[in-house]
Amino acid sequence: MIMQMKNKYIYRSKISESKFRQIVKLFALDLDATQISQIVGLSRVTINRYLMAIRERIAEYCELESPFQGEVEVDESYFGPKRVKGKRGRGAGSKTIVFGLVKRQGKVYTEIVPDCSKSTLQSIIKGKVEPDSVIYSDNWHGYDGLVDVGYDKHYRVDHGKDEFVNGKSHINGIEGFWGFSKTRMSKYRGIDKRYFNLYLKECEFRYNYRNENLYLKILEIIRENPLFLS
């Protein structure tokens, strides 16, 4: 019989609270499951279970972010294997399509989408961006008609004409986040599509709270909603 330990971060815990805090601290430092396993003396499989549970809480927390207001950049990006030769267009091949928006000098929000159609993108924008905001995008037709649905201040840059900055019009912030996320996730050398959203939300969380103590922030989140590992 395995003894259950008192641990305010995990229901019916099989590890001590101090051991769990150590795992969280190493996760916050961006060590992978193999590295953490070697340090804390638990199997890689066990560590992976804890890390995935932590990522689930982080993803849930990210979804609770308030609507964005102010200057907001919007864009889509494509994650996954290199484009198949001969396939062209947005989302060509087996890539995962991600839509993102970022408040300038603020936080980012991401969502996996089935396509880059106007209805799909506008639906997310209307749910996450206040109508009095200023929106910046590229010239993709999925952003057509934002003025018609209440966003009177919508400015674009035309990447097709090699225009990347036009005064205050640019999407450098969200493009910087895409670069950050792809660099981070490349170290895993392939992520199962079933869990891709958890890794994406981890990137979002790390970016949004990069100037805070991630270790304490994660503990705060999990203290409010403890893990349950079967």
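Reader: Which residues are buried in helix H6?

Author: In this predicted model, the buried residues of H6 are Phe196, Leu198, Tyr199, Leu200, Lys201, Glu202, Cys203, Glu204, Phe205, Arg206, Tyr207 and Asn208. The helix, which spans residues 196-208, is therefore mostly covered, because a residue counts as buried when its relative accessible area is under 20%, and twelve of the 13 residues in H6 are buried.

Reader: How many Å does H6 reach from its first C-alpha to its last?

Author: It reaches 18 Å, which is close to the 18 Å expected at 1.5 Å a residue.

Reader: Which strands pair with E2, and is the pairing parallel or antiparallel?

Author: E2, which covers residues 71-79 and has eight of its nine residues buried, pairs with two strands that can be taken in turn. With E3 (residues 96-103) the pairing is antiparallel over eight bridges, and one of the bridge partners is Leu101 in E3, which faces Val74. With E5 (residues 134-137) the pairing is parallel and has three bridges, and Glu71 stands opposite Val134 in E5.

Reader: How many bridges join E5 and E6?

Author: Four bridges join E5 and E6, in the parallel sense, and Tyr136 has Tyr155 in E6 as its bridge partner.

Reader: At what angle do the axes of helices H3 and H7 cross?

Author: The axes of H3 (residues 44-62) and H7 (residues 214-224) come within 10 Å and cross at roughly 85°. The two helices are therefore roughly perpendicular to each other, because angles from 65 to 115 degrees are counted in that way.

Reader: Which residues meet where H3 and H7 come together?

Author: From H3, Ile54, Arg57, Ile58 and Tyr61 meet Lys217, Ile218, Ile221 and Ile222 of H7. Sorted by class, this contact has six nonpolar residues, two charged residues and no polar ones.

Notes. Residues are numbered from 1 along each chain as its sequence is written. This is a predicted model: local features need pLDDT of at least 70, side-chain atom pairs count only at pLDDT 80 or more; totals for chains, interfaces and linings use all residues. Side-chain values use heavy atoms; hydrogens and water are left out. Axes are lines fitted to C-alpha atoms, for helices over the stretch in contact, and angles run from 0 to 180 degrees between N-to-C directions. Angles under 35 degrees count as roughly parallel, over 145 as roughly antiparallel, 65 to 115 as roughly perpendicular and the rest as oblique. Contact means heavy atoms within 4.5 Å. Ala, Val, Leu, Ile, Met, Phe, Trp, Tyr, Cys and Pro count as nonpolar, Asp, Glu, Lys and Arg as charged, and the others, Gly among them, as polar. The expected span of a helix is 1.5 Å times one less than its number of residues. Buried means under 20% relative accessible area, exposed over 50%, partly exposed in between (1.4 Å probe, protein chains only). Two strands pair if DSSP finds at least two bridges between them.
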